[in-house]
Amino acid sequence: SRVAGGRAGEGTTQGISAALQRLGFRLDRFKTGTPPRLHGKTIDFSRLEEQPGDEQPVPFSFLTERLEGDQLPCWITHTNEAVHELIRANLHRAPMYSGQIESRGPRYCPSIEDKVVRFADKSQHQLFLEPEGRRTFEYYVNGISTSLPRDVQDEMFRLIPGLERAQIMRYGYAVEYDYAPPDQLWPTLETKRIEGLYFAGQLNGTTGYEEAAGQGLWAGANAALKLAGRAPLLLDRDQAYLGVLMDDLVTCGVDEPYRMFTSRAEFRLLLRHDNADRRLTPIAWKVGLVDVERWRRLETKAEQIAEWRRRLESTRVEGRTLAEWLRRTEIEWADLVRMAPDLAEAPPEVAEQVRHDIKYEGYVARQRAEVERQRRLADKTIPPAFDYGGIRQLRFEAREKLERIRPLNLAQAARISGITPADIALLLAHLQAKSPR
Ligand SMILES: Cc1cc2nc3c(=O)[nH]c(=O)nc-3n(C[C@H](O)[C@H](O)[C@H](O)COP(=O)(O)OP(=O)(O)OC[C@H]3O[C@@H](n4cnc5c(N)ncnc54)[C@H](O)[C@@H]3O)c2cc1C
């Protein structure tokens with residue numbers, strides 16, 4: 001059935017859309033869904049494949065030294081032809097297929113009914129069972145997001161190995177929601193129409209928790225800076241994923257729910273999670289977003305990185321400096337420690353940065369040069385009948401969009417939402433190979 005509402009158990013907030021429209025904002029609609037949640041005590045884990053977590057999980061925050069507690073495993077099972085048959089027989093009852101819901105959904109988490117129709121040649125789809133937490137029996141069944149009615153959801157699990165007796169704690173469902181196309185925003189996320197009003201999160205056509213949180217931080221910081229009469233906080237595409245996200249949103253807009261994938265960034269060697277503190281803490285410190293403790297930690301770490309790097313550059317073993325040894329592909333930090341045992345004293349997070357700085361120096365320089373070159377060549381024309389299928393490495397999404405839009409030049413291709421600089425590099429290489437020199 002189709003009802004007005006928010007996410008499970010949450011009320012609806014219909015009034016705000018009408019209010020925004022009255023103010024002259026354009027709105028559009030997207031859809032998204034969620035899978036059923038199962039009761040762990042009713043799952044037969046002996047028939048599932050275990051997926052253990054990382055042996056050494058990396059904490060999310062640089063202020064967390066290490067993570068305590070055991071990791072909870074995830075589990076894998078698969079759908080099968082019988083499940084697909086059941087879904088096909090009930091497609092007319094799925095709002096996403098019966099025409100009740102027509103807006104676009106997230107490409108990266110299609111519903112199971114979507115997968116069964118679009119990838120009809122697949123005899124099974126993988127399901128990933130994720131525990132929802134340590135204090136609940138609830139399992140999130142990744143891969144089976146659905147808008148099918150409850151009786152079909154119950155029946156589906158009867159047919160899946162290990163889940164035959166599984167009880168659904170919460171049923172899957174789909175929602176449609178309004179968003180305001182983000183070309184109505186300045187790069188600070190302030191609306192162009194109303195000064196002092198900022199939009200952040202799903203309202204801007206993104207989907208996901210991190211995307212929403214990142215924009216909240218960005219919009220909040222910029223609103224505060226504006227009130228204080230200070231310069232805005234803007235990050236470039238080579239400084240932060242947030243910079244990529246904002247540029248994509250306000251420059252290209254969105255034509256489907258936008259997810260922040262690493263593949264959307266062209267400077268991936270620079271935008272690493274391990275160097276997020278070195279990249280961003282100084283900027284955040286300047287605008288007053290970090291406290292003294294975090295700043296001091298970074299200062300200490302930076303000093304240590306410089307100090308250990310100096311040691312690597314000044315210590316010689318068999319005629320080479322340790323830095324030169326480390327540049328060799330087959331040499332790792334552990335090998336250096338064997339050559340110079342006092343390196344074992346370097347804190348792991350410092351050793352990691354020194355290693356990356358030295359090992360990737362050449363690659364990073366090449367990447368910068370490559371991006372510059374791509375920018376200069378971005379006007380190259382593409383023949384209208386260009387065979388995108390002939391580029392074997394081109395991602396499916398990129399090929400689909402390029403074939404649909406058929407851009408006339410690389411600059412236009414680069415502006416299509418979801419086409420990454422990596423796709424452009426591939427395209428460029430093929431165009432150059434084809435054109436007479
Ligand atoms: C079913 C479903 C499953 C999802 N699954 C995932 C997932 O697994 N992983 C993932 O990363 N993302 C998932 N998402 C996407 C993610 O939930 C959203 O993109 C994200 O939560 C959006 O955050 P937000 O802060 O922009 O908006 P919301 O979280 O929607 O917050 C907006 C808030 O504003 C309040 N509000 C509205 N109007 C008013 C008003 N007039 N006055 C005051 N308050 C108001 C609302 O009550 C709400 O609390 C899912 C979304 C849905 C719908």
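The stops below cover a pair of helices and then a group of strands.

The model is predicted: local features need pLDDT of at least 70, side-chain atom pairs count only at pLDDT 80 or more, and totals for chains, interfaces and linings use all residues. Residues are numbered from 1 along each chain as its sequence is written, and side-chain values use heavy atoms, with hydrogens and water left out.

**The helix pair**

Select residues 276-287, helix α8, and residues 292-314, helix α9; their axes come within 10 Å and cross at roughly 135 degrees. Helices (H or I, at least four residues) and strands (E, at least two) are DSSP runs, numbered from the N terminus. Axes are lines fitted to C-alpha atoms, for helices over the stretch in contact, and angles run from 0 to 180 degrees between N-to-C directions.

Next, show the side chains at the contact (heavy atoms within 4.5 Å). From α8, select Asp277, Arg278, Thr281, Pro282 and Trp285; from α9, select Val292, Arg294, Trp295, Leu298, Lys301 and Ile305.

**The strands**

Move to strand β4, residues 74-78: four of its five residues are buried, so the strand is largely enclosed by the rest of the structure. Buried means under 20% relative accessible area, exposed over 50%, and partly exposed in between (1.4 Å probe, protein chains only).

Select Glu49 to find its bridge partner in β4, Ile76.

Two strands pair if DSSP finds at least two bridges between them.
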